[in-house]
Amino acid sequence: MEVHADVDGSGVPLAVLLKRELCNQKVEKPDILFGEANKSKKGEDFTLLMAKCHRRPGEGVQNAGDDGTISVFASSMIERPDIAIFDGHNGSAAAIYTRENLINNVLAAIPPNLTSEEWTAALPRALVAGFVKTDKDFQTKAARSGTTVTFVIIDGWVVTVASVGDSRCILESAEGTVYFLSADHRLDANEEEVERVTASGGEVGRINIAGGAGIGPLRCWPGGLCLSRSIGDTDVGEFIVPVPHVKQVKLSNAGGRLVIASDGVWDALRFQEALNYTRGLPAEAAANRIVKEAVTSKGLRDDTTCIVVDILPPEKLSPPLKRHGKGGIKALFRRRPSDEMSEDQMDRGCLEPDVVEEIYEEGSAMLAQRLNINYPAGNMFKLHDCAVCQLEMKPGEGISVHGIMPKHSRVDPWGGPFLCSSCQVKKEAMEGKLHSRSTDVFTQSL
């Protein structure tokens with residue numbers, strides 16, 4: 001019997017998948033080149049650039065230099081660049097604290113002794129845990145500032161982006177197609193987040209002057225924040241949550257370019273416009289050009305920061321990074337039909353057609369959904385450790401993220417993941433349950 005098939009169930013051409021398998025041992029890790037640029041208005045934008053990072057935190061960390069670059073050295077070092085932008089507001093305390101603590105909180109949430117594939121699978125849950133723990137710990141500092149975060153981890157050809165707020169990350173593949181890798185958590189741009197905030201006890205509206213029509217962007221009250229997700233902002237309310245949108249993709253070994261920038265850039269430039277300014281420029285020059293054009297367009301109204309990262313094929317492959325005149329914005333990943341590989345490409349090694357494969361994407365603000373990982377990946381995590389802060393607990397001490405459930409439920413026979421008591425309080429506050437309980441008590445007292 002003859003069988004014909006062009007694509008697998010995920011939409012990636014079988015020819016590409018087979019080629020990846022055949023070339024798996026031959027393809028080298030990409031070369032990573034990056035540059036950053038900044039124009040400061042308030043001094044609340046911060047960046048984190050780690051050219052190399054190891055699997056476990058706390059080993060051989062050098063002191064941060066004045067340029068914000070941190071190099072990590074350890075015997076177990078792996079080539080895994082970490083790049084982030086922290087756009088603070090109401091002061092710089094939250095941005096500085098997050099820059100100094102987030103990476104260690106994420107790495108601490110990843111179990112030890114994993115294979116590379118397991119590490120990649122565990123990363124989305126670890127990012128959620130790291131963001132929530134960082135926010136929870138920052139609350140003890142009694143500071144009222146907040147920060148957006150766009151956090152990028154590059155592991156070989158896999159790019160993982162976690163984001164809260166309105167700093168953005170876009171990817172331009174080698175062929176010229178553009179993809180969104182982050183979410184926009186401005187209330188004006190996200191109806192689902194407006195519904196979640198109001199359901200959790202917040203109020204959403206525009207500034208109202210003397211009873212007239214509302215002006216300006218949608219804001220969350222109390223506090224008047226335009227965002228639905230951030231780290232910090234304890235004065236606004238727990239319904240401004242730190243749970244990140246996470247997207248994970250795999251590039252072909254033709255590579256691509258990432259542009260990560262604060263809202264000072266995106267308020268002035270459209271996505272394609274920003275990319276057009278980078279044509280033919282290396283990463284650092286491209287970042288400087290984007291910041292220059294943003295400031296020229298709108299003036300220096302806000303801190304304006306940009307990081308450009310080039311994910312390049314090994315030198316022996318050396319295809320052109322960009323081709324002009326092709327592609328467009330893709331908010332959702334749709335695998336485009338692959339072009340035929342030329343004989344020249346075949347001769348150079350295992351250069352694939354330009355395919356960006358989506359591995360994972362989730363943006364829910366509900367911890368029960370974000371921390372619960374299906375078998376077999378879920379078995380990598382310790383059963384009785386708190387899924388957020390990694391506190392070791394005895395059997396029976398933890399509280400299920402699913403709430404009270406009968407034992408041996410068909411949905412979840414073991415009841416986990418589990419939270420410690422303080423992380424459970426944090427979860428209930430983010431979901432508005434503590435607000436509902438206090439309202440019920442007040443109503444009953446009347």
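A residue counts as buried when its relative accessible area is under 20%. In this predicted model, Tyr97 has a relative accessible area of 15%, so Tyr97 is buried.

**Aromatic pairs**
- A pair of aromatic rings is described by the distance of the centres and the angle of the planes.
- The count comes to three aromatic pairs.
- In one of them, the ring centres of Tyr97 and Phe138 are 5.5 Å apart and the planes meet at 45 degrees, so this pair is tilted.
- Tyr97 belongs to helix H2 (residues 93-108) and Phe138 to helix H3 (residues 116-139), and the two residues, 41 residues apart, link distant parts of the chain.
- Phe138 is buried too, because its relative accessible area is 2%.
- Trp266 and Phe271 make a tilted pair, with 4.8 Å centre to centre and 40 degrees between the planes.
- Trp266 and Phe271 are both buried.
- Together with Phe180, Trp266 and Phe271 form one aromatic cluster.

**Charges over rings**
- Phe180 has Arg168 over its face, at 5.2 Å from the ring centre.
- Phe381 has Arg125 over its face, at 3.9 Å from the ring centre.

**The second largest pocket**
- The volume of the second largest pocket is about 560 Å³.
- This pocket is lined by 25 residues, and the closest to its centre are His89, Leu225, Cys226, Leu227 and Asp263.
- Strand E5 (82-89) and strand E11 (215-221) are the elements that give two or more residues to the lining.
- The lining of the second largest pocket holds 12 charged, seven nonpolar and six polar residues.

Definitions and conventions. Residues are numbered from 1 along each chain as its sequence is written. This is a predicted model: local features need pLDDT of at least 70, side-chain atom pairs count only at pLDDT 80 or more; totals for chains, interfaces and linings use all residues. Side-chain values use heavy atoms; hydrogens and water are left out. On a 1 Å grid over the protein atoms alone, a cavity is a set of points where a 1.4 Å probe fits but cannot get out, and a pocket is an open set with protein on both sides within 12 Å along at least five of seven lines; lining residues have an atom within 4 Å of a point. Grid points are joined across faces, edges and corners, and a volume is the space filled by probe spheres set on the points. Helices (H or I, at least four residues) and strands (E, at least two) are DSSP runs, numbered from the N terminus. Ala, Val, Leu, Ile, Met, Phe, Trp, Tyr, Cys and Pro count as nonpolar, Asp, Glu, Lys and Arg as charged, and the others, Gly among them, as polar. Rings of Phe, Tyr and Trp (its six-membered ring) pair if their centres lie within 6.5 Å; planes under 30 degrees apart count as stacked, over 60 as edge-to-face and the rest as tilted. Buried means under 20% relative accessible area, exposed over 50%, partly exposed in between (1.4 Å probe, protein chains only). A charge sits over a ring if NZ of Lys or CZ of Arg is within 6 Å of the ring centre and within 35 degrees of the ring normal.
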